[in-house]
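Trainee: I have a model open and would like to go through it with you. Could we begin with the ligand site?

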Amino acid sequence: LDDTEDITLGSADKPGTRVKVLGRVHRFRSQKDVIFITLKDGYGQMQVVFAGDLIKTYAALTLTLETSLVIKGQMRELPPTAKAPLNRELHADFFRVIGAAAGDKEAITNKVQAGGDPQTLLDQRHLVLRGDVLSSVMKVRAAVLRAFRQAYVETRCMEVAPPSMVQTQVEGGATLFGFKYYDEEAYLTQSSQLYLETCLASMGDVFCICPSFRAEKSLTRRHLSEYMHIEAELDFIEFEDLLAHIEKVICRVIELVLQDPLMAGYIKELNPDFKPPSTPFKRMKYADAIDWLVEHKIDFDDEDVPEDHPERKRPHRFGDDIAEAAERQMTDIMNVPIFLTHFPLELKAFYMPKDPADARVAQAVDLLMPGVGEIVGGSMRIWDYEELIAAYKRVGIDPTPYYWYTDQRKYGTSPHGGYGLGLERFLAWLCGRFTVRECVLYPRFTNRCTP
Ligand code: 4AD
Ligand code: MG
């Protein structure tokens, strides 16, 4: 008769009891008459000791990393100085191999930190995911998603699921992925914003968490071709309400995630310097950012000018698109979240309205975070019919396929606004990762669609 209790590796200490555990070999150290194993499952890690007759078995002598095992034994408490997970150790009296690992790729799982060859690590992503860093980030990701949903419930936003296959663009034609939809032209969605706007009248404030797709031609540390887009749309608001909402949701999400001791532990390990931001976030107008860049001698790199021309790099001017590098330098120096607002209209998407106080600029906002730069893009939306028609014209969009969007302005229009947050960028900031590629299971970017 078996008196063992099945436990997961992260579950509370059971000193003195006999338990059965299932997991994979994460690390092991063989000594003369003992083998120390760090066993892991999805919930945690446990130190296991094989001694006596157990280490004389063929299975113990040929043990490899990642091999899956069932182990039974006695739990013992250890002093914190022993540095074992949860200060305990399992003294095995039985084990059986469930699935032996080939042993040829065993070094790969924790190579992310060790700086392995990036292409190999990407090809072997299915194994690299088992490493400490990626598995922690993926668990934080799950907790962050759950927290966003809760934060939205608390702010009375309802979740909707807009389509991914669409026939309209939101953020410009240059980054559209097109495909044949039966006999018609269609695209993978860049943003669900236009669809969210159509839900306001029936459901009130809404949000969605769906992948967005962008055919980004540049390889940067913060661009993916497929990313998780958290978008919300709010009815009957003014610009300042939009900023207040973004700030509130982000701070609530961080609070919820850190309330879970397991997640707080992962974040502490991944990003020891992380501190929840204080509110209100710093607000800065685009025009003031330009002045700041000029003062700090951070130049504009004008790609329309030949490489060797003296005008290639020049001080920023009003109207310049603040590039990724300049934006990040500014954010890193200020080292706090920044709401950057009131961008020139020409730099922004067609649906953004003019600021009533300054017709040159849009009621738009980017939220910038230290280490990453932009993690949120949002704005008020043009809600006047004639103004919207003029906006289509300004950017050269044929309004015909947008009839359903335009109709919102004919049937009970309202001042409204919303935003989109890139989940991987948020995670890169929270978990202190260098690139968004570390914050998604299987990154998709230029020329990478495997595995
Ligand atoms: O600034 P963007 O392009 O804004 C929109 O799509 C709006 N229509 C959203 C809305 O108002 N509902 O994208 C929003 C955010 C960015 O701030 C960034 O965090 C993320 O989406 N993002 C990307 N993340 C990873 N890879 C890419 N290629 C991204 N493009 C945008
Ligand atoms: Mg943007």
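Trainee: How do the residues of the shell around ligand 1 divide into nonpolar, polar and charged?

Mentor: Please bear in mind that this is a predicted model. The shell around ligand 1 holds eight nonpolar, nine polar and seven charged residues.

Trainee: And how many residues surround ligand 1, and which are the closest?

Mentor: Ligand 1 is surrounded by 24 residues, and the closest are S191, Q193, G377, G420 and G422.

Trainee: How do the axes of α5 and α8 cross?

Mentor: Helix α5 covers residues 132-154 and helix α8 covers residues 239-259; their axes come within 9 Å and cross at roughly 130°. Here, too, the term is oblique. The crossing in which α5 passes α8 is right-handed.

Trainee: Why is that pair called oblique rather than roughly antiparallel?

Mentor: Only angles over 145 degrees count as roughly antiparallel. The axes of α5 and α8 cross at roughly 130°, and therefore the two helices are oblique to each other.

Trainee: Changing topic, which domains does the assignment give?

Mentor: The protein chain is assigned domain 1 (5-99) and domain 2 (128-281 + 336-439). Taken over C-alpha atoms, the centres of domain 1 and domain 2 are separated by 44 Å.

Trainee: What does UniProt list for residues 138-443?

Mentor: The unreviewed UniProt entry lists them as "domain: Aminoacyl-transfer RNA synthetases class-II family profile". Over residues 138-443 the chain is 33% helix and 23% strand, with the end C-alpha atoms 13 Å apart.

Trainee: Now the backbone. Is the peptide bond from T279 to P280 cis or trans?

Mentor: The bond from T279 to P280 is cis, with omega near -5°. P280 lies in the loop between α9 (261-270) and β13 (282-285). A cis peptide bond also joins T450 and P451, with omega about -10°. P451 is placed in the segment after α14.

Trainee: One last point: is phi of N87 positive or negative?

Mentor: Phi of N87 is positive, near 50°, in a residue other than glycine. N87 sits in the loop between β5 (68-77) and β6 (88-99).

Terms used
Residues numbered from 1 in each chain as written. Chains lettered and ligands numbered in written order. Predicted model: local features only at pLDDT ≥ 70, side-chain atom pairs only at ≥ 80, totals over all residues. UniProt positions renumbered as here; feature names shortened; annotations may be inferred. Helix = DSSP H or I, 4+ residues; strand = E, 2+ residues; numbered from the N terminus. Domains from an automatic or database assignment. Near = placed C-beta within 6 Å. Nonpolar A, V, L, I, M, F, W, Y, C, P; charged D, E, K, R; others polar. Axes fitted to C-alpha atoms, helices over the stretch in contact; angles between N-to-C directions. Parallel < 35°, antiparallel > 145°, perpendicular 65-115°, else oblique. Left-handed = near helix turned anticlockwise from the far one by under 90°.
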